[in-house]
Amino acid sequence: MALLRPQPGAFYRDQVSRLISWGHWFTFFNILLALGISSRYILANPWPETQLGVSYLILSWLGHFSFVGFITYLLTLFPLSFVIPNQKLMRNCSVVIAVLVLSVLLVDTQIYHVFKFHINPTVWELLLKEAQSKAELNWNFLFIVIPVLFLLELVISNYAWKMQLRRRKKTWGTAISTVLVSCFLLSHITYMAADAKLYEPIISQRANFPLSYPMTARSFLSKHGWLDMEQYKSKAAKVAELEHSKQRLNYPLKPLQVTEPEQKLNILLVVVSGLRADMLKPDVMPFLSDFAAKNQQFSQHMAGDNEHAGSLFSLFYGLPEAYRSNFDAEGVSPLLIDELQRQEYLLSAFSSNGLNQAIYKKSIFQNARQISRRKSELTPHSDQQTFSAWQNWLGRQNQERPWFSYLNIAMPATLALPSDYQGPFQPELTDSNPFAAFTPENHDKFINRYKNAVRYSDEQLRQLVTTLQERQQAENTILIITADRGLEFNETNTNSWGSGSNYSTYQMQVPFIISWPGKTAHRWDKLTTHYDLAPTLLHDALGLENEDKTYSSGSNLFANQQHDWLLLGNRQHYVIYEPNSITEFNRQGDFSVYTRKNYQLVDDARPNMAALLQVMNELTRFKDAQ
């Protein structure tokens, strides 16, 4: 009787069945390994403040990486089980795949610790091509971890094969699978409920893990009348602000060491809203261009942001606007204002935009004792009224105490010229309809209107300096004249008018002039920014001895130090200004690179990785480490 031999088809099916069973156990052990590695994400973030937040964190951690592990198995090992029935070859291929996947996970955890976002195509390309990134992010640990991973995967592969040979009952496997699937489903259901209620301890975790896209049900709930979308959006904006400010400040990094100067100079800071740098020329601003040539002129100066409030924050605090919510939440005023008050300076502030704005009330002057609270100065008013109020205040001062005064005039930004003022640039736009300015036939008229507004401000600045001289205050007063941001008239051909729409030099480059008693005239052509003012005044005028970097992102304007690049922007958009390029990126890690000249998008350009790493450090170094 002939011996029965297994048919080729039966043998193939048996091998595939064994490989699939082995793959289940191999995947399970790799899920456990992935959970161990991914715990670095949990350590990189603050621990949730509530028990429900902690429960969700554990559920989402278990469910998410179990799901990602299972999907990886379905897309790789499962189909390969049919293609490669040879168990030794299949297991070796699986080990290589597992090592690659876990290595990418390790790399992502490292990036997350530095950037607080996950790998995207741009970052991945940089990691592959930029040698500098490997040094800055410290990839040396991979030379140890990857061989260890490889050996561990071989052990897991061998152990999983022995387990499937035992043909144990599926009770344990079913129980484990049920628990992990339940974690996955429950985490998404919990997030849907938390999102509808905007429960911050849970929704703040939405980007903790890579490839994490928690489910929401806003449209469904809104369609059935269970969610008011307008109310939801309003509340969501407040929650986003709270989420951004929840890290506590570590500011300044060292206690202040001050040696007060024997002779204290007055300080007058003048900010002209909307004044762009290219207006500083004799035919438009005859007084200020001449004044700049006789004093300290910084020709490559950039505002801190393309909007009024963000730029003022950077000017007074010497820090990126991205810190603003943290400072507001903890009630921290600028070191400059605090030190002025400690040294018994008299403080005053005058703004045509009114002092009732949040940037003044909640940030810059929140702890200032002498700033006017009169209704007439809180609400917006004309530049002439602002200037007159400042003149009256100055007339009441004596020489016994030094003073600091902030003066903000807004004519170039508002274009609200007095009806009896006839500027030299004609014809100018007189139509009050704001949309009339954007038509091609009115383009030149609109620019003439702007130039006339700038000319009007120039005449006010002449009067201001004359007032200082007449009151015999010019020789003992540091006078700083600058702007909050510039205005664009669609020079970039992106339909951009005014400010706040992009980060071109038209909106970011502003005049910066300092008249400092005892300093000879000098033109500085190095890159400077609003961040540099606070350390300059604190060090040279008030006697602060700390290093600039312990309390500011800027540096002393009169030091030999030069910026290779500048960090600008706000809490939503970060901007790296370099001599020839402008790199913009957001909190999700999306990048765009433009030419500094003409602001043209550069296709396939890569950001400066070394600068990017320093930027991410700059955005977090004044916050307590978690």
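Analyst: A salt bridge is a side-chain nitrogen of Lys or Arg within 4 Å of a carboxyl oxygen of Asp or Glu. Side chains of opposite charge can pair when their charged atoms come close. This is a predicted model, in which local features need pLDDT of at least 70 and side-chain atom pairs count only at pLDDT 80 or more, while totals for chains, interfaces and linings use all residues. Residues are numbered from 1 along each chain as its sequence is written, and side-chain values use heavy atoms, leaving out hydrogens and water.

Searching the whole structure gives 14 salt bridges. One network of them links Glu 260, Lys 264, Glu 339 and Arg 342. Helices (H or I, at least four residues) and strands (E, at least two) are DSSP runs, numbered from the N terminus. Glu 339 is buried at 6% relative accessible area, whereas Arg 342 is partly exposed at 46%. Buried means under 20% relative accessible area, exposed over 50%, and partly exposed in between (1.4 Å probe, protein chains only).

Elsewhere, Glu 321 takes part in a salt bridge with Arg 571, at 2.5 Å from N to O. This pair joins distant parts of the chain, 250 residues apart: Arg 571 is in the loop between strands S10 (566-569) and S11 (573-577), and Glu 321 is in the loop between helices H13 (308-317) and H14 (324-330). Both Arg 571 and Glu 321 are buried. Glu 321 also forms a salt bridge with Arg 324, with 4.0 Å between the closest N and O atoms. Arg 324 is buried as well, at 12% relative accessible area.
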